[in-house]
Amino acid sequence: MKLWLLIASFGMLSSASFNSYAELNGQNIALNCFNCHNPKPAANSAIPSLTGYSQQRLQQALLDFKYDKTNATLMPRIAKAYSDAEISAVAAYLSQQ
Amino acid sequence: MARLSRRDFLKTGAISSFTLLNGCQPLFGKAASKAHVVVVGGGFGGATAAKYIRYFDPTIRVTLIEPKAKYITCPASNWLFAGLTTLDQLSVNYQGLKNYGIEVVCDTVIQINAEQRRLTLSSQQTLNYDRLVLSPGIDFRWDSLHGFNQALSQRFPHAWQAGPQTELLNQQLQAMPNNGTVLICAPPDPYRCPPGPYERASMMAYWLKQHKPWAKIIILDPKRSFSKQALFEAGWKQHYGYGSENSLIEWISLADNQLVSLDAERKTLTTEFGDRFSGDVLNIIPPQTAGKIAIESGLSNSSGWCPIQPISAESSLLPFIHVIGDAGHYAPIPKSAFAANSEAKACALAIVSLLNQQAISSPAWMNTCYSLITPDHGISVANGYQVNADNSITAIKSAGGISQKTDPASLALEAIYTQSAYLNLRTDCFD
Ligand SMILES: Cc1cc2nc3c(=O)[nH]c(=O)nc-3n(C[C@H](O)[C@H](O)[C@H](O)COP(=O)(O)OP(=O)(O)OC[C@H]3O[C@@H](n4cnc5c(N)ncnc54)[C@H](O)[C@@H]3O)c2cc1C
C-alpha cells in the first residue's frame with residue numbers, strides 16, 4: 001500500500017495536496033507503461049517487457065531518458081513529464097510487478 | 001501486504017476469482033465487496049476497464065456488454081489501404097477477458113435507468129449495477145452536409161468505425177481509374193483520432209504510388225491546421241512529391257469556406273463560396289458525438305460529448321455512471337485508443353476505491369499516437385496529463401510533443417515501434 005496515497009475527500013482538494021501527491025503517484029503513472037511494455041509482449045516486439053527489471057535499473061534508465069543522456073526516439077518525451085521523485089516511485093512500483 | 005502481483009494475475013487469469021481469493025488477498029483489504037460493475041462497450045476503453053477492475057479487486061463481479069462477437073480495431077486499420085494488414089488481422093475476440101472471470105454478454109444496451117441503476121438490453125433482459133462504466137465510442141452527425149445522409153455512407157464511406165466500411169473504401173480505392181481522385185473530407189474538432197485522416201492519406205498514397213501513380217488524394221479540411229502537421233508534410237514531401245505539381249497528396253484548408261453540400265450523382269462537393277471539388281472516391285468523415293446510448297441516456301451536454309469529473313470519470317450529470325474513451329469530455333486529452341486505455345485504468349482504480357469506501361488517488365493519464373507515413377517512416381506525438389485543483393485537465397508542460405529526431409534511422413525505428421506499440425496496446429486491453 002505504500003504507493004497508494006489517498007486523498008481524504010473531494011472537498012479537501014487543494015493545489016497543495018495535489019502537488020505533493022502527484023510527486024509520489026507511482027502506480028497511476030506506471031499503469032500507462034504496460035500499453036507499450038506489456039508483460040506479455042507481442043512476438044518480435046521491439047519494445048521490451050519491463051518484467052524482471054530492478055528498481056535501480058528502471059530508475060537509471062528513466063533518468064537517462066529525462067536528462068537526454070541516451071539516444072532514444074520516444075521515452076525522453078515521456079520521462080520529462082515526471083519529477084525525479086515520481087520516477088523513483090514508478091521504478092519502485094514496476095520492479096515489484 | 002500480500003496482494004496479487006500483476007504477474008500472478010496474468011498467469012492465473014484462467015482460474016476463477018474464487019480460487020484467486022483463496023491464494024491471495026485482494027488489493028483493498030479483506031472485506032469481499034461482491035459489488036457488481038457493468039461495463040457497456042467492449043472497445044479499447046470498456047475492455048481495459050473490465051480487465052483492470054478485476055485486476056485491482058477480483059471480488060468485484062464484472063459484466064461486459066458488447067453486441068459484436070469480435071471487435072475490429074480502428075488503430076492500424078489505415079494500414080489496410082497500403083496493403084499491410086487485413087480485417088482478420090485487426091480482429092480481436094473476448095476470450096481473453098472471459099479468462100479473467102468477466103461475464104461477457106453479447107447484446108446491446110437500449111436503455112439506462114440511472115435512478116434504479118438498471119439497464120435494459122435489446123433482448124429485454126434487465127441488469128442491475130452498483131456502478132456503470134460507459135465506453136460506447138462515437139456516433140456521427142449526419143446532417144452537416146446538405147445532400148448527404150446516413151444511407152449515403154454506403155457509397156461515400158467514412159471508415160471511421162473499422163469493419164465493412166474500411167473494406168468498402170479500400171475496394172473503391174482499388175477500383176478507381178488510374179488517374180482518379182480521392183477526396184478525404186476530414187472532420188471538425190473534436191473527433192476520434194486527430195492524426196487519423198492524415199495517416200490514411202499517407203497509407204493510400206503509398207499504395208497509389210505503386211499501382212496508380214497518376215492518381216491524387218485531396219484532403220478537404222475544415223480546420224486551419226492538424227495534428228503532427230510538420231512531420232506529415234515533411235514525410236509527404238519526401239515520399240509523395242508534396243508541394244509539387246505531381247504531388248500524390250494535396251491538403252486544402254477550408255476553414256473560411258466550409259463545405260456545405262454534396263451532389264451525390266456527380267460526386268461533387270460545394271463550399272459556402274461556391275468552390276467545387278469532384279472525385280472518384282469520396283471518403284466523407286462526418287462530425288462526431290458521443291455514442292448514441294450516452295446521448296439518449298442524458299449523459300451528454302450541448303457539445304455532444306459527456307462531461308465528467310476528471311478524478312473519478314463519474315458523469316457530471318448522472319450519478320454512479322462513469323464515462324471513458326471517446327465519448328467522454330477529457331479535452332485536452334485527444335480521443336485515441338491509447339487515451340481510452342489510460343482513462344479506463346484511472347477509472348478502474350477510482351471505482352475500486354469507491355466500492356471499498358476508500359478515497360480516490362489523483363489520475364495520471366498519458367497519450368501516445370504513432371502514425372505511419374510509409375511502412376518504414378513512423379512519427380509520434382506523446383504527452384502526460386494531470387488534473388488540477390480547479391478540476392481542469394492539462395498537459396504536463398515539461399514533456400511531450402512530436403518526434404524530435406527526424407533522421408532516416410530514427411524514423412525507421414519509430415515505424416517499427418508503431419507496430420509493436422499497436423500489438424502491445426491491444427494485448428493490454430483485450431488479453
Ligand atoms: C482510422 C482510425 C485510426 C485510428 N488509429 C489509432 C491509433 O493508431 N492509436 C490510437 O490510440 N487510436 C487510434 N484510433 C482511435 C481509436 O479507435 C478510438 O479512440 C478508440 O476506439 C476509442 O475507444 P472507445 O472504447 O471509446 O470506443 P470504441 O473502441 O469504438 O468501442 C465502443 C464499443 O461500444 C460498443 N457499443 C456502443 N453502443 C453500445 C450499446 N448501446 N450497448 C453495448 N455496446 C455498445 C460498440 O459496439 C463498440 O465495440 C483510430 C481511429 C480511427 C477511426
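Strand 12 (residues 216–221) of chain B pairs with strand 13 of chain B in the parallel sense, over 5 bridges. Keep in mind that this is a predicted model.

- Four strands of chain B make up an open sheet, in the order 13-12-11-17, with parallel pairing.
- Strand 13 (249–253) and strand 17 (281–284) of chain B sit at the edges with a single partner strand each, so one side of each has no neighbour in the sheet.
- On average, neighbouring strands here are turned by 15° against each other, ignoring direction.
- If you want a residue pair to look at, Ile217(B) stands opposite Ile249(B) in strand 13 of chain B.

**The helices across it**
- Helix 6 (residues 196–211) of chain B lies across strand 11 (181–185), strand 12, strand 13 and strand 17 of chain B, and runs at about 170° to strand 12 of chain B.
- Helix 7 (residues 229–240) of chain B lies across strand 12 and strand 13 of chain B, at about 145° to strand 13 of chain B.

**His377(B)**
- You'll find His377(B) in strand 23 (residues 377–387) of chain B.
- With a relative accessible area of 4%, His377(B) falls under the 20% cut-off, so it counts as buried.
- The residues His377(B) touches include Gly235(B), Gln238(B), Leu372(B) and Leu411(B).
- Its side chain also makes a polar contact with the side chain of His239(B), at 2.8 Å.
- Glu414(B) is 37 residues from His377(B) in sequence, but the two are 7.0 Å apart in space, C-alpha to C-alpha.

Technical notes. Residues numbered from 1 in each chain as written. Chains lettered and ligands numbered in written order. Predicted model: local features only at pLDDT ≥ 70, side-chain atom pairs only at ≥ 80, totals over all residues. Heavy atoms only, no water. Pairing = 2+ DSSP bridges. Helix = DSSP H or I, 4+ residues; strand = E, 2+ residues; numbered from the N terminus. Axes fitted to C-alpha atoms, helices over the stretch in contact; angles between N-to-C directions. Contact = heavy atoms within 4.5 Å. Buried < 20%, exposed > 50% of the residue type's maximum accessible area, 1.4 Å probe, protein only. Polar contact = N/O pair within 3.5 Å; in protein donor to acceptor, adjacent residues only side chain to side chain. Lists of a residue's contacts leave out its neighbours within four places in sequence.
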